[in-house]
Amino acid sequence: MLPFTYFRPRTLDEAIEALRAGGESTKLLAGGTTLYDLMKIGVEAPAAVVDIHLLRELDHLEVRAGELVIGAGARMSAVSAHPEVRRLFPAVSESLWRSASQQLRNMATIGGNLMQRTRCAYFRGGVPYPCNKRDPGTGCAARDGVDGGMAVLGTSDDCIATYPGDLAVALVAFDAVVDVLGPDGARSLPVAQLRPLPGDTPHVEHVLRPGEVITQVRLPITAVAAKSAYLKIRPRESYAFAFASAAVGLVLAGSPAEAAVIECRIALGGVSTVPWRAAAAEQWLIGRPLTEDAARTAGEIAMRGAEPGRANAFKVELGVHTVAQSLLSLSRSES
Ligand SMILES: Cc1cc2nc3c(=O)[nH]c(=O)nc-3n(C[C@H](O)[C@H](O)[C@H](O)COP(=O)(O)OP(=O)(O)OC[C@H]3O[C@@H](n4cnc5c(N)ncnc54)[C@H](O)[C@@H]3O)c2cc1C
Ligand code: SF4
């Protein structure tokens with residue numbers, strides 16, 4: 001690891017000032033569970049880090065004015081276990097406790113989770129491999145390499161890296177917003193807009209401006225979010241990233257035998273380059289009874305446009321199945 005300057009601000013304002021003082025390559029340090037990793041393998045080499053892990057201003061969780069508000073510094077484990085999160089947003093709670101390991105969740109924060117980078121082995125593998133995300137314009141080793149874990153939705157000729165996080169999938173399904181603070185003041189943006197598609201600029205991984213800090217995430221409290229779930233399919237049942245995942249929410253109305261969908265949310269992870277909201281599949285389900293056939297068709301619509309490579313075609317059927325399965329298990333738990 002290269003030497004770097006370490007700042008430990010006592011307030012958010014001091015953190016913003018330290019980001020400015022540290023220069024262009026300065027990085028925020030929260031739990032450090034992914035930043036230190038990337039520094040050790042040489043993918044990140046900041047001249048300075050600004051440690052916000054102990055900033056109390058960022059560590060809060062409350063229900064306020066029809067919203068659940070989660071500080072960016074709240075730990076993944078604390079948010080996952082919080083009774084209001086479990087009651088109002090089961091999918092958010094499940095997405096967190098199905099992530100990483102208990103030790104990592106105890107250290108890692110909500111802001112750090114949203115800003116984690118891809119696990120593409122070529123990106124993390126260092127210099128021998130061309131990677132447009134790490135070194136723009138060098139090419140994409142995954143295109144002709146081992147692509148079993150790569151994305152099938154939202155890819156481009158220049159990058160097929162999967163977005164690795166779980167939490168953002170649930171946040172996108174339920175219209176979460178992030179609040180950010182930077183040298184030019186505060187602003188808010190939907191989590192769905194935080195990460196652009198790779199296109200021909202895969203090195204542009206988020207839309208935060210230089211010096212901006214995510215301060216909190218806000219989720220509107222809705223009936224559909226309270227009836228939600230997160231299903232994650234992975235190579236082993238713990239401590240692994242998703243091959244496919246789905247955050248779903250469902251409100252049904254009518255007699256149990258003929259209950260029709262009146263509201264629905266579907267977002268996918270593990271199969272796409274960004275957290276993937278399946279709005280067309282949601283729309284298609286409205287007004288229909290949630291039969292096995294209907295759940296499968298919704299899954300097929302959600303995976304429309306998938307472009308598999310050599311070894312990741314299994315993700316297309318897996319994505320269909322994950323959506324269908326998660327919808328059906330939710331509807332069974334409702335009746
Ligand atoms: C073995 C392993 C398995 C994992 N499995 C999963 C998994 O299954 N699912 C999953 O979702 N994740 C998984 N992860 C990733 C893990 O969840 C992240 O490492 C963690 O959430 C990052 O949080 P952190 O607070 O440690 O971030 P840090 O490592 O401190 O920071 C990560 C990035 O976020 C930036 N950042 C941090 N806070 C802010 C902020 N407030 N505003 C703006 N930028 C900020 C930092 O500058 C840095 O670039 C795994 C990680 C490991 C090591
Ligand atoms: S898929 Fe993206 S991150 Fe992986 S090698 Fe290609 S350009 Fe790099």
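1. Contacts of S77. In this predicted model, S77 touches Q102, R105 and N106, once its neighbours within four places in sequence are set aside. S77 sits in helix α3, which spans residues 76-81. Is S77 buried or exposed? The relative accessible area of S77 is 16%. Buried means under 20%, so S77 counts as buried.

2. The buried face of α1. Helix α1 covers residues 12-22. Its buried residues are L12, A15, I16, A18 and L19. Viewed down the axis of α1, these residues fall within an arc of 160°, so they line one face of the helix. D13 and R20 lie on the other side of α1, and they are exposed.

3. What α1 packs against. Which strands meet the buried residues of α1? The list is β1 (5-7), β2 (27-29), β3 (48-51), β6 (177-182) and β8 (213-220).

4. The end of α1. G23 follows the helix. Its phi is positive, near 95°. Check this residue when you look at the backbone after α1.

5. The four-stranded sheet. The sheet is open and has 4 strands. Their order is β9-β10-β11-β12, with antiparallel pairing. Which strands form the edges? They are β9 (228-233) and β12 (276-277), each of which pairs on one side only.

6. The β11-β12 pair. Strand β11 takes in residues 260-269. It runs antiparallel to β12, and 2 bridges join the two strands. L268 has W276 of β12 as its bridge partner.

Terms used: Residues numbered from 1 in each chain as written. Chains lettered and ligands numbered in written order. Predicted model: local features only at pLDDT ≥ 70, side-chain atom pairs only at ≥ 80, totals over all residues. Heavy atoms only, no water. Buried < 20%, exposed > 50% of the residue type's maximum accessible area, 1.4 Å probe, protein only. Contact = heavy atoms within 4.5 Å. Arc of directions from axis to C-beta. Pairing = 2+ DSSP bridges.
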